[in-house]
Amino acid sequence: MPEPRKRFGQHFLCDKNVIARIVNALHIKPTEHLVEIGPGQGALTTAVLQQTKQLDAIELDYDLIPALQDRAHRYGDLVIHQADALTFNFRQLKIDARMLRVFGNLPYNISTPLIFHLLNSADVIGDMLFMLQKEVAERLVAQANDEHYGRLSIMVQYRCQGEILFDIGPEAFYPPPKVQSSIVRLVPYRELPYPAQDFKLFTTVVREAFNLRRKTLRNSLKHIVPAIVWETVGIASDLRPETLSMQQFVLLSNAISMVKAQGQ
């Protein structure tokens with residue numbers, strides 16, 4: 001088997017008990033359309049294939065593919081897309097009424113941008129189950145006033161319900177990473193509970209607020225939020241961004257949209 005490559009952030013899962021626990025958490029039904037990101041040496045791949053008999057996988061490392069195909073063929077039909085998951089068009093995999101169920105052991109060095117990329121295809125994804133660095137997992141589900149709360153928390157929770165299922169120690173991998181890992185489930189909303197009138201504006205407000213998170217909202221958003229908005233929206237401008245919930249950021253961006261529409 002090829003050795004893990006540091007430049008790809010590869011840590012191969014090798015603990016059979018952990019693999020079984022992850023597969024159990026997926027609650028697989030044979031007719032579902034599953035997609036694995038970064039199958040690596042196929043530890044999860046073969047376990048899932050035994051239940052689904054068909055699986056799509058996105059793997060960047062070309063050298064891993066021959067051994068992966070060899071391991072998988074006895075269990076089912078594995079379709080490997082040799083591609084970078086950060087730029088891969090996940091929509092192309094949806095070929096029928098079934099929603100995609102995406103899972104994988106995400107490389108720590110690309111997990112955050114990859115989740116943002118996947119959120120752009122949330123309307124074709126039924127759910128996602130990922131193994132992530134524990135700190136990233138905690139950021140995904142953190143609420144306002146939590147030390148892990150930030151831009152990632154808000155943008156993920158805008159589109160998804162999320163929960164941490166369980167933690168995994170470094171000893172479950174080869175080579176062992178220097179961090180703890182967690183299994184996280186993300187379920188995209190079919191209808192957004194708090195829709196932004198202008199999503200691009202919403203993302204700008206959140207990004208700018210947390211780029212200067214030590215400053216008050218009045219100062220960090222002074223070029224975006226007209227003064228009249230603070231008077232009408234019911235959010236104190238002297239607060240810091242980590243104190244506002246996702247819903248409040250939506251409320252703020254919608255108030256800006258309304259003021260702009262009225263030409264004020």
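**Figure 1. The loop that holds Pro175.** Pro175 is found in the loop between strand 8 (173-174) and strand 9, where helices (H or I, at least four residues) and strands (E, at least two) are DSSP runs numbered from the N terminus. This is a predicted model, in which local features need pLDDT of at least 70 and side-chain atom pairs count only at pLDDT 80 or more, while totals for chains, interfaces and linings use all residues. Residues are numbered from 1 along each chain as its sequence is written, and side-chain values use heavy atoms, with hydrogens and water left out. The peptide bond from Tyr174 to Pro175 is cis, with omega near -10 degrees. Most residues other than glycine have a negative phi, and most peptide bonds are trans.

Figure 2. His27 counts as exposed because its relative accessibility is 53%; buried means under 20% relative accessible area, exposed over 50%, and partly exposed in between (1.4 Å probe, protein chains only).

**Figure 3. The packing of helix 1 with helix 2**. Helix 1 (residues 16-26) and helix 2 (residues 43-52) pack at an angle of about 45 degrees, and their axes, which are lines fitted to C-alpha atoms over the stretch in contact, with angles running from 0 to 180 degrees between N-to-C directions, are 10 Å apart. Helix 1 is therefore oblique to helix 2, since angles under 35 degrees count as roughly parallel, over 145 as roughly antiparallel, 65 to 115 as roughly perpendicular and the rest as oblique. Ile19, Ile22, Val23 and Leu26 in helix 1 meet Ala43, Leu44, Ala47, Val48 and Gln51 in helix 2, where contact means heavy atoms within 4.5 Å.

Figure 4. Helix 6 (residues 151-159) is mostly covered, with seven of its nine residues buried, namely Leu152, Ser153, Ile154, Met155, Val156, Gln157 and Tyr158. Among the elements that cover these buried residues are helix 4 (111-119), helix 5 (134-141), strand 7 (160-168) and helix 10 (246-261). In the protein as a whole, 50% of the 264 residues count as buried.
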